[in-house]
Amino acid sequence: MNKTSVTLAILMSLSLSACGGGSSSTADKSTKATPAPTIEPTVAPTIEPTVAPTIEPTVAPTIEPTVTPTAEPTPAPVLTNINGQLVVPVTITASARKTLIPAPIQARSEACPGVPDGYSPLADAVVELKNAAGDNLESSTTTDTCGKFEFVVPKSLVDSISNVVAAKSGFKNIIADVDNFLESNASRIASTISDQASYEITGLKKSSAQSINFIITDSESKKAILGLQNSAFTFSLDGQTITSPTITSSQNTATDSASVAITLDSSGSMGALVYDENNRPVLAPDGNTHRRQTIAASAAHQLIDMTKANDPNSEMAIIMFSSVIYPMTDTTLNSKLKIFDASGDAMLLDTGRTDNFTQDASTLHTLIDIYNEYSAMYGSYSTPVIERHPDRTDNIAKISYYPFGGSTAFLDSIDQAITTLESTNPTKPVIVALTDGADNSSQKTVDEIITRANQYNYPVTVIAAGTGFSSYDIDDMKRISNETGSEYFEVADLSKLGGFLAGISTRVTFNYDANLNTPLISGQVLNVSLSVNGETPVSREITIP
């Protein structure tokens with residue numbers, strides 16, 4: 001028997017013993033065995049397994065990445081332009097030269113169209129922007145060949161700029177308010193004068209209940225000065241300084257156009273030959289000696305061209321006078337003249353005007369040719385013969401004779417000019433009266449003319465052409481001009497007449513208005529003073545009419 005068998009046998013024996021099986025002894029058979037109490041097995045309580053609590057996983061908070069704020073770019077500064085044109089007046093002699101050899105005047109230079117007629121560019125001037133203390137706020141610049149300059153600056157700087165200052169050798173410095181050169185102005189122009197010239201206040205008049213108009217010219221060219229700084233002027237009324245007046249240059253006001261009434265002497269003495277200051281004959285385009293009337297007509301043509309070039313909306317009226325006053329309306333001229341066209345047919349003048357004033361330069365040139373007895377259309381055998389003005393558009397070929405000669409009713413011509421202006425209620429009225437001799441035919445007196453002109457605030461510029469005036473005559477003419485707020489011109493050398501009328505044209509266009517913000521009462525004394533570049537002030541005084 002092997003070990004496995006032995007082991008199995010032992011296990012079986014033990015099993016039988018436990019169950020009462022196997023061999024029984026006698027004692028066991030006689031004795032009943034007490035059964036063992038049934039012992040319920042102790043049932044171990046069911047222990048519910050401890051359920052571990054569900055532990056939610058800790059969620060790490062979402063950390064938004066720190067966003068670095070985007071820096072806004074610094075905005076580019078708003079820029080603005082400060083620009084303009086600087087000019088100098090043409091001399092009397094240069095302006096007069098255009099009159100002696102008449103030619104159409106271009107509406108400003110083709111090369112430099114911004115330069116007003118009667119002026120030249122101030123090239124190569126050094127221009128600076130300065131504050132009230134006189135400090136430069138930008139690098140300087142230089143004007144070009146047309147006198148133009150430009151600064152491009154931050155708009156925020158403009159309030160710190162007080163003046164535009166320009167300098168060039170041989171000329172007085174220009175000191176102008178920066179406002180003159182901002183885009184809001186109609187014309188950004190300033191002028192200077194030569195070192196040898198001086199400033200003059202050549203016009204001063206009341207223009208409304210509390211406003212005045214005044215003109216600044218220079219002593220050499222007699223032309224208007226443009227763009228002077230406001231602080232250069234001082235105003236007083238009965239000795240009391242007026243504070244904070246509002247000053248406006250007329251070139252900066254697009255709607256400020258003039259109404260000019262021109263009276264021209266057609267008396268017999270206007271036929272006198274003209275010699276210059278050296279007693280040399282002044283020659284007309286046909287080679288013959290000019291006469292007073294031909295020079296006056298040529299100067300009037302230039303006055304028209306210059307004024308219309310600088311002030312296109314200006315209007316003019318022409319009045320002829322000798323013993324009789326001739327307003328040059330279509331009605332008057334058709335009643336006095338026999339007019340023919342190129343076919344030899346009689347015709348009437350028809351300019352389309354309802355009164356004497358017109359803005360049409362062509363019509364004005366026609367009227368000046370009609371005024372001139374030596375115009376070719378009169379067929380005169382006298383010389384010189386002045387050909388038709390090239391800008392005329394009328395059909396007049398011939399006029400049978402010239403009926404306008406006679407004596408000199410100079411004062412009555414001014415009276416007619418006042419009446420002509422009165423009918424239009426003009427914004428900027430001007431009277432220009434030219435004569436070559438003393439009045440000898442008028443009904444009106446000097447005092448009456450002054451009173452009536454001042455009633456309407458009409459300035460009267462008087463031109464005494466020639467040398468045939470007594471001191472008494474000159475005093476009267478000066479009174480008329482001075483007491484109506486204008487200027488008297490004595491032109492002894494008639495070869496320079498065109499230069500003086502050119503100066504008058506600039507005065508018509510370029511002048512100053514000041515609202516004094518106080519009523520102007522008749523009898524008050526108004527004084528205007530001007531000081532430029534620290535020079536001795538010049539002043540002019542009027543009694544308010």
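Val164 sits across from Ala176 of β7. Its own strand, β6 (residues 163–167), runs antiparallel to β7, and four bridges hold the two together (strands pair when DSSP finds at least two bridges between them). Zooming out, β6 and β7 belong to an open sheet of four strands, ordered β4-β3-β6-β7 with antiparallel pairing. The edges go to β4 (141–142) and β7 (174–177); each has a single partner strand, so one side of each has no neighbour in the sheet.

A word on the basis of these values: the model is predicted, with local features requiring pLDDT of at least 70 and side-chain atom pairs counted only at pLDDT 80 or more, while totals for chains, interfaces and linings use all residues. Residues are numbered from 1 along each chain as its sequence is written, and side-chain values use heavy atoms, with hydrogens and water left out.

On to the cysteines. Searching the whole structure turns up one disulfide (a pair of cysteine sulfur atoms within 2.5 Å). The partners are Cys112 and Cys146, with an S to S distance of 2.0 Å. The bond ties together distant parts of the chain, 34 residues apart: Cys112 is in the loop between α3 (92–100) and β2 (119–121), and Cys146 is in the loop between β4 and β5 (148–154). The torsion about the S-S bond is about -75°, so this disulfide is left-handed. Cys112 and Cys146 are both buried (buried is under 20% relative accessible area, exposed over 50%, partly exposed in between, with a 1.4 Å probe and protein chains only).

Val78, in the loop between α2 (26–30) and β1 (79–89), counts as exposed because its relative accessibility is 58%. Setting aside neighbours within four places in sequence, Val78 is in contact with Val153, Pro154 and Lys155 (contact being heavy atoms within 4.5 Å). Between Val78 and Pro154 the C-alpha to C-alpha distance is 5.6 Å, although 76 residues separate them in sequence. Ser505, by contrast, is part of helix α10 (residues 497–509) and is buried, because its relative accessible area is 0%. Not counting residues up to four places away in sequence, Ser505 touches Leu303, Met306 and Thr307.

Four cavities of 30 Å³ or more show up across the whole structure. A cavity is a set of points, on a 1 Å grid over the protein atoms alone, where a 1.4 Å probe fits but cannot get out, and lining residues have an atom within 4 Å of a point. Grid points are joined across faces, edges and corners, and volume is the space filled by probe spheres set on the points.

The largest cavity holds about 160 Å³. Its lining comprises 16 residues, with Ile215, Val430, Pro459, Ser486 and Arg507 nearest the centre. Elements giving two or more residues to that lining are β9 (199–206), β10 (211–218), β20 (428–435) and α10. By class, the lining has seven nonpolar, six polar and three charged residues (nonpolar: Ala, Val, Leu, Ile, Met, Phe, Trp, Tyr, Cys and Pro; charged: Asp, Glu, Lys and Arg; polar: the others, Gly among them). The second largest cavity has about 70 Å³ of space, and its lining includes Ile174, Ile175, Tyr199 and Val532. That lining splits into six nonpolar, five polar and no charged residues.

Key. 1 Å grid on protein atoms, 1.4 Å probe; cavity = no way out; pocket = protein on both sides within 12 Å on 5 of 7 lines; lining within 4 Å.
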